[in-house]
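Me: I want to learn how to read helix packing from a model. Can we start with the overall fold and then work inward?

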Amino acid sequence: DEEVANAWYLYSEISQIRTQAALDASICNKTNATSTRNPIIQQGEEEHTCRGLECCTEKCIRDRRSYRNQSIYTVLDEQDAQYINGIFDPQAIREVYIEKSTMSLLAAQKMGENDAITAISIQNPPKRWNFRIS
């Protein structure tokens with residue numbers, strides 16, 4: 001049962017994590033540092049990163065809402081057109097949704113690629129040449 005207790009966060013720990021995440025998101029909003037390349041923001045002696053908090057920034061919230069609304073309106077327009085023409089074609093609805101949601105898919109794939117590049121650079125940092133001049 002000690003193992004179970006150690007596997008879960010305490011409420012005080014969750015509160016601390018949320019407070020820190022809110023602080024980091026606030027810093028990201030103020031600095032507009034939403035790059036997927038994991039920018040490190042120095043504030044005093046503390047370092048903060050926006051990675052993982054991108055969608056807590058105002059810009060990302062607006063972008064995601066816009067993508068979602070565009071997809072919804074596209075599907076509703078297709079449904080209206082089908083209703084007016086007296087047809088029912090779920091495949092056509094699926095296709096217009098996929099076409100419209102491609103922007104979100106491409107953004108997610110780009111973020112994944114950047115994460116992979118970052119992970120590789122952390123695992124295998126570039127070697128530096130050390131020359132000694134005698």
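Me: How many helices and strands does the chain have?

Reply: This is a predicted model. The secondary structure of the chain amounts to five helices and two strands. Along the sequence, their pattern is α-α-β-β-α-α-α.

Me: What share of the chain is buried?

Reply: The chain has 134 residues, and 16% of them count as buried. As for contacts with a separation of 6 or more, 42% link residues 24 or more positions apart.

Me: How do I describe two packed helices?

Reply: Two packed helices are described by the angle between their axes and by the distance between the axes. Take helix H3, residues 58-85, and helix H4, residues 90-100. They pack at about 155°, and their axes lie 9 Å apart. That angle is over 145 degrees, so H3 is roughly antiparallel to H4.

Me: Is the crossing of H3 and H4 left-handed or right-handed?

Reply: The crossing of H3 and H4 is right-handed.

Me: Which residues make the contact?

Reply: H3 supplies Gln 70, Ser 71, Thr 74, Val 75, Glu 78, Gln 79 and Gln 82. H4 supplies Ala 92, Ile 93, Val 96, Tyr 97 and Lys 100. By class, the contact of H3 with H4 has five nonpolar, five polar and two charged residues.

Me: Which residues of H3 are buried?

Reply: They are Cys 60, Ser 71, Val 75 and Gln 82. The buried residues of H3 pack against H4.

Me: How do I check the length of a helix?

Reply: Compare the expected span with the distance between the ends. H3 has 28 residues, and at 1.5 Å a residue they should span 40 Å. The end C-alpha atoms of H3 are 40 Å apart, which agrees.

Me: What comes just after H3?

Reply: Gly 86 does, with a positive phi of about 70°.

Me: Is Ser 71 buried or exposed?

Reply: Start with the place of Ser 71, which is in helix H3. The relative accessible area of Ser 71 is 7%, under the 20% cut-off, so Ser 71 is buried.

Me: What does Ser 71 touch?

Reply: Leave out residues up to four places away in sequence, and Ser 71 touches Tyr 97, Lys 100 and Ser 101.

Me: How far apart are Glu 99 and Ser 71?

Reply: In sequence, they are 28 residues apart; in space, 8.9 Å, C-alpha to C-alpha. Glu 99 is in helix H4. Glu 99 has a relative accessible area of 64%, over the 50% cut-off, so Glu 99 is exposed.

Me: What about Arg 64?

Reply: Arg 64 is also a residue of helix H3. Its relative accessibility is 47%, so Arg 64 counts as partly exposed. Arg 64 and Ser 104 are 40 residues apart along the chain, and their C-alpha atoms are separated by 8.0 Å.

Terms used:
Residues numbered from 1 in each chain as written. Predicted model: local features only at pLDDT ≥ 70, side-chain atom pairs only at ≥ 80, totals over all residues. Heavy atoms only, no water. Axes fitted to C-alpha atoms, helices over the stretch in contact; angles between N-to-C directions. Helix = DSSP H or I, 4+ residues; strand = E, 2+ residues; numbered from the N terminus. Parallel < 35°, antiparallel > 145°, perpendicular 65-115°, else oblique. Left-handed = near helix turned anticlockwise from the far one by under 90°. Contact = heavy atoms within 4.5 Å. Nonpolar A, V, L, I, M, F, W, Y, C, P; charged D, E, K, R; others polar. Expected span 1.5 Å × (residues − 1). Buried < 20%, exposed > 50% of the residue type's maximum accessible area, 1.4 Å probe, protein only.
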